[in-house]
Amino acid sequence: MKVFDLIQMTPEQEEIIGLARQICEKELMPYTAELDRAGRYPVEIAQKFKDAGLYALEVPEQYGGMGIDNTTNFLMAETLGYYDAGFGFTFHAGSMGAECVFVGGTEQQKQMAADALLEGKGFAFCLTEPACGSDAASITTTATRDGNDYIINGNKCFISGAELADYFVVATTIDRSLKYKGITLFLVEKERGVQIGKHEDKLGLRLSPTNEVIFDNVRVPAENMIGAEGRGWGVVMKNMEVVRPHSMNFATGIAMRAVDEATAYAKVRMQFGKPIIKLQGLNFLLAEMLERTLVSHGALMNVAYQLDNGMKLNGAGSAVKIYASQTASYVASKAIEVLGGYGYMHEYPVEKLLRDAKIFEIFEGTNQIQQVVLGSLLAKD
Ligand SMILES: Cc1cc2nc3c(=O)[nH]c(=O)nc-3n(C[C@H](O)[C@H](O)[C@H](O)COP(=O)(O)OP(=O)(O)OC[C@H]3O[C@@H](n4cnc5c(N)ncnc54)[C@H](O)[C@@H]3O)c2cc1C
C-alpha cells in the first residue's frame, strides 16, 4: 500500500495524474539524487513533460488552454512533489508565474500570456528584494514614467525559475511613500534587458533554480502594465490566494513520499527478531505520519473546492499553508527517525525530503506572516 492508493480521483483525474506518474517514475525519479547533488534543474526532463502535454494545464479554455480546475492542478502538484518538489515547483512556477496576468491583465495581455505558455515559455514572479521580504509593500524597485514608456530600476532576489524564464511579472513602486498604494505591476519580456544575477546555492529544493534579477534602466511600454498605477498590490494578493495553497501541494507530496519510504523500510528492517513495523511504538509513529499527511491532503482539496466554486477562503489559505508546510517538515523528519542512522545518510532518500520540505514554511509568505493574517481575522470587531 502506498499513500497514493488512498487518494480518490475522478476518471479524468486518474488519466492525467496517471500519465504524470508514469513519466515521473521513468524520466525523473532515477535522476533526482544526482540532480540534487549538482543543484541542477533538468530542462531536458521538463521538455519530456511538456511533450506529453503536461505544461500549463491551468490556462483557461477561453484563451486556448485546457483550463483544468484547481482540484486537478493541486493533485498534479502533489504528484510532482512526491517525486521531486524542486522540479515540480519550478515546472509549475513557469506557468503559475503568469497568474497575475490572468488575475489583473487586459484581454490582450491574457491572450499573449496564454499563447506564450502554450508554446512552452516560462514566467517568473518578482516581488522579493534584498531588504524587503515579508514587508513587501516597502519595495524599492521603481517604475518611472517617460513618455509612453516606464523605466524600471531595482534588484529582486530569491526569484524561482528566473534563469529559465522568458517573461517576468515584476512588482515596482511609482512612489515609495504610498506604500502598497504605490505598487504597480509590469509584464516584462526578457529581451528588454532583464539581467539574471547570482544563482543561489541552497539547503534543499536544489532542482529549483533561485536567482537574483536585475532591472537596470529597463524600458517597457505603458501597455505592459498589469492593471493600473498603484493597483498592483490587490492583484498580487488575489494571485497569492491561488498560488500559495497551490504550492503547498508540493509539500504534501513530500510528506506522502516520506510515509512511503519509511513504511517500505520498516517492513524489511529487522530488529528484535521482527520487522520494525511490527513494533507498536514505531507502527504508531508511521500511523501519525500518515494521519497528518492525509489531513494536509484533505485540507488542500477543500481549499481547491472553495476556489473552484468561487468561494472566499476566509483564512483557509493561510491555515492550510501553515499546516501543510509544517506537516511536510515533521513527517520528513520522522521518516529519518524511522530509518535510524541510515536515514541520516545521503545514500537514502529521506534526508533530502527534509531539506526540500523546510522552504515551504518560509516562502509564499512565511508561516509567521500567515499567523499575523489569521490573528488579525480574530482581532476584528
Ligand atoms: C527558495 C526560495 C524561492 C523563492 N521564490 C520567490 C519568487 O519566485 N518570487 C519572489 O518574489 N520571492 C521568492 N522568494 C522569497 C520569499 O517569498 C521570501 O524569502 C519570504 O517572503 C520571506 O522574506 P525574507 O526572506 O526577506 O524574510 P523576512 O521578511 O526578513 O523575515 C525574517 C523573519 O522575520 C519574520 N517576520 C517578518 N515580519 C514579521 C511579522 N510582521 N510578524 C512576525 N514575524 C515576522 C519572518 O516570518 C521570518 O521568520 C523565495 C525564497 C526562497 C528562499
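**Figure 1. The shell around the ligand.** By class, this shell holds 11 nonpolar, eight polar and one charged residues. Here Ala, Val, Leu, Ile, Met, Phe, Trp, Tyr, Cys and Pro count as nonpolar, Asp, Glu, Lys and Arg as charged, and the others, Gly among them, as polar. The model is predicted: local features need pLDDT of at least 70, side-chain atom pairs count only at pLDDT 80 or more, and totals for chains, interfaces and linings use all residues. Residues are numbered from 1 along each chain as its sequence is written. Leu 127, Gly 133, Ser 134, Thr 366 and Gln 368 come nearest of the 20 residues around the ligand. A residue is near a molecule or strand if its C-beta atom, placed from the backbone, lies within 6 Å of it. At least two residues of the shell come from each of strand 1 (123-126), strand 3 (149-160) and helix 11 (367-379). Helices (H or I, at least four residues) and strands (E, at least two) are DSSP runs, numbered from the N terminus.

**Figure 2. Domain 2 and domain 3.** The domain assignment gives domain 1 (3-104), domain 2 (122-233) and domain 3 (240-379). Such bounds come from an automatic or database domain assignment. The C-alpha centres of domain 2 and domain 3 are 31 Å apart. Four residues from domain 2 and six residues from domain 3 make the contact. Two residues are in contact if their C-beta atoms, placed from the backbone, lie within 7 Å. On the side of domain 2 that touches domain 3 there are two nonpolar, two polar and no charged residues. The ligand shell draws at least three residues from each of domain 2 and domain 3.

**Figure 3. Helix 8 and its packing.** Helix 8 (residues 280-308) has 29 residues. From its first C-alpha to its last, helix 8 reaches 41 Å, close to the 42 Å expected at 1.5 Å a residue. That expected span is 1.5 Å times one less than the number of residues in the helix. The buried residues of helix 8 include Met 289, Leu 290, Arg 292, His 297 and Leu 307. A residue is buried if 20 or more other C-beta atoms lie within 10 Å of its own, exposed if 12 or fewer, and partly exposed in between, with C-beta atoms placed from the backbone. The buried residues of helix 8 pack against helix 4 (70-96), helix 7 (232-268) and helix 9 (316-338). Gly 310 follows helix 8, and its phi is positive, near 65°.

**Figure 4. The loop at Lys 179.** Lys 179 sits in the loop between strand 4 (167-173) and strand 5 (183-189). Its phi is positive, about 50°, although Lys 179 is not a glycine. Most residues other than glycine have a negative phi. Lys 179 is partly exposed, with 14 other C-beta atoms within 10 Å. Leaving aside residues up to four places away in sequence, Lys 179 touches Ala 137 and Ser 138. Met 311 lies 132 residues from Lys 179 along the chain, and their C-alpha atoms are separated by 29 Å.

**Figure 5. The loop at Leu 205.** Leu 205 belongs to the loop between strand 6 (195-199) and strand 7 (210-221). Phi of Leu 205 is near 50°, a positive value in a residue other than glycine. Leu 205 is buried, because 28 other C-beta atoms lie within 10 Å.
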